[in-house]
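Please look over the sequence and the model before turning to the points below.

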Amino acid sequence: MSIIPSRDTVLCISLAGRPGTFGVRFHNHLYRQLGLDYYYKAMTTQDLPGAIGGIRALGIRGCGVSMPYKEACLALVDEIDPSAAAIESVNTLVNDAGRLKAYNTDYLAVRQLLQQHQVDPHTAFVLRGSGGMAKAVACALRDAGFRDGTLVARNEQAGRHLADMCGYRWLPAIDDISPPMLVNVTPIGMAGGPEAQQLAFPETAIDAAEWVFDVVAMPASTPLIQRAESQGKAVITGLEVIALQALEQFVLYTGVRPTQAQVDAAVAYAREG
């Protein structure tokens, strides 16, 4: 069943500096599967306050928020859910009759995945990265009870700020650290990027690790995940994160929770784009 928008169609959008296709395909596929009169479109803007005003004025039901807008949105909404307040970053807006509430489903997804994979919070880890997604992951680890953490970031100001915010250590480089869990929250290994074929951590650290968590979603099997899986390491992939955060957005927008089979079909369809 194709989507034929009408005057009654509920519109959801995303705002990103570089709009992608995963969310568009994921949401629209689920709308079709469930017979919902919704339509999802990816957008970008040079006028964030104007775009947020447009969401209110036009009755746009929901908005996914990506870089570089995640922190700037905080001052433009009416209510902030604890998931966004905990990390001072937004990735989802829900519009109820002109009142905008901000959430962070990246944070929620990571919290859920740590629980689903039964990762022991006593596990020491190194997290590489200091951007908006790194903030979501680091704060999710903190709030899940992980206390022994080291944040590695070349940007000292951002790295120290995030490390201090979560009670972790900061280092400018990985050096000889070999903790039980490695967490990559950088673009290293991302398809189409300049570091697509590179490992986010030294081979010695990967070989010594018990857990490997790579937030890069495209491809799902990054060089880091490939090496970890070849050695039988426990892994959490970026595809799991992006699928779960998109699912939680879908539920917030529609009030409907699809079956796991429906979600799996939507993820498979989204990955084809």
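The structure is a predicted model. The domain assignment divides the protein into domain 1 (10–103 + 240–272) and domain 2 (108–236). The largest nonpolar core holds 57 residues, and the structure holds 14 salt bridges. The count of disulfides is 0.

- Domain 1 is assigned to residues 10–103 + 240–272, and domain 2 to residues 108–236.
- The centres of domain 1 and domain 2, taken over C-alpha atoms, are separated by 25 Å.
- To the contact between them, domain 1 gives 15 residues and domain 2 gives 21 residues.
- The size of an interface is often expressed as the accessible area that is lost when the parts come together.
- Between domain 1 and domain 2, the buried area is about 1400 Å², and carbon and sulfur atoms give 69% of this area.
- On the side of domain 1, I87, E240 and V241 supply 38% of the area buried against domain 2, which is more than any other three residues supply.
- The count of salt bridges between domain 1 and domain 2 is 1.

**The nonpolar cores**

- Among the 57 residues of the largest nonpolar core, those that touch the most other members are F26, L127, V137 and L141.
- Helix α9 (residues 238–254) provides the largest share of this core, with 10 residues.
- Both domain 1 (10–103 + 240–272) and domain 2 (108–236) give residues to this core, so the core lies between them.
- When neighbours within four places in sequence are left aside, F26 is in contact with A243, A246, L247, V263, A266, V267 and A270.
- Another core, of 17 residues, lies apart from the largest one, and its members include L15, V65, Y69 and C73.

**The cysteines**

- C73 counts as buried because its relative accessibility is 1%, and the cut-off for buried is under 20%.
- For C139, the closest cysteine sulfur is in C166, at 3.8 Å, and this is also too far for a bond, because a disulfide requires two cysteine sulfur atoms within 2.5 Å.
- C139 is buried, and its relative accessible area is 0%.

**The salt bridges**

- Side chains of opposite charge can pair when their charged atoms come close.
- The side chains of K135 and E71 form a salt bridge, with an N to O distance of 2.7 Å.
- K70 and D106 also meet through their side chains in a salt bridge, at 3.0 Å from N to O.
- This pair links distant parts of the chain, since K70 is in the loop between β3 (62–65) and β4 (79–80), while D106 is in helix α4 (residues 105–116), 36 residues apart.
- Are K70 and D106 buried or exposed? Both residues are buried.
- R99 and E79 meet in a salt bridge with an N to O distance of 3.8 Å.
- R99 belongs to strand β6 (residues 99–103) and E79 to strand β4, so this pair ties together parts that are 20 residues apart in sequence.
- R99 counts as partly exposed at 44% relative accessibility, and E79 is partly exposed with a relative accessible area of 33%.
- In the salt bridge between E248 and R257, the closest N and O atoms are 3.1 Å apart.
- E248 counts as buried, at 11% relative accessibility.

**Residues D8 and V10**

- D8 is found in the segment before β1, and D8 counts as exposed at 55% relative accessibility.
- Although D8 and D37 are 29 residues apart along the chain, their C-alpha atoms are separated by 7.5 Å.
- V10 is part of strand β1 (residues 10–15) and counts as partly exposed, at 25% relative accessibility.
- With neighbours within four places in sequence left aside, V10 is in contact with D37, Y38, Y39 and R61.
- The C-alpha atoms of V10 and A270 are separated by 20 Å, and these residues are 260 residues apart along the chain.

How values were computed. Residues are numbered from 1 along each chain as its sequence is written. This is a predicted model: local features need pLDDT of at least 70, side-chain atom pairs count only at pLDDT 80 or more; totals for chains, interfaces and linings use all residues. Side-chain values use heavy atoms; hydrogens and water are left out. A nonpolar core is a set of buried Ala, Val, Leu, Ile, Met, Phe, Trp, Tyr and Cys residues joined through side-chain atoms within 4.5 Å. Buried means under 20% relative accessible area, exposed over 50%, partly exposed in between (1.4 Å probe, protein chains only). Helices (H or I, at least four residues) and strands (E, at least two) are DSSP runs, numbered from the N terminus. Domain bounds come from an automatic or database domain assignment. Contact means heavy atoms within 4.5 Å. Buried area is the accessible area (1.4 Å probe) that two parts lose on being put together, summed over both. A salt bridge is a side-chain nitrogen of Lys or Arg within 4 Å of a carboxyl oxygen of Asp or Glu.
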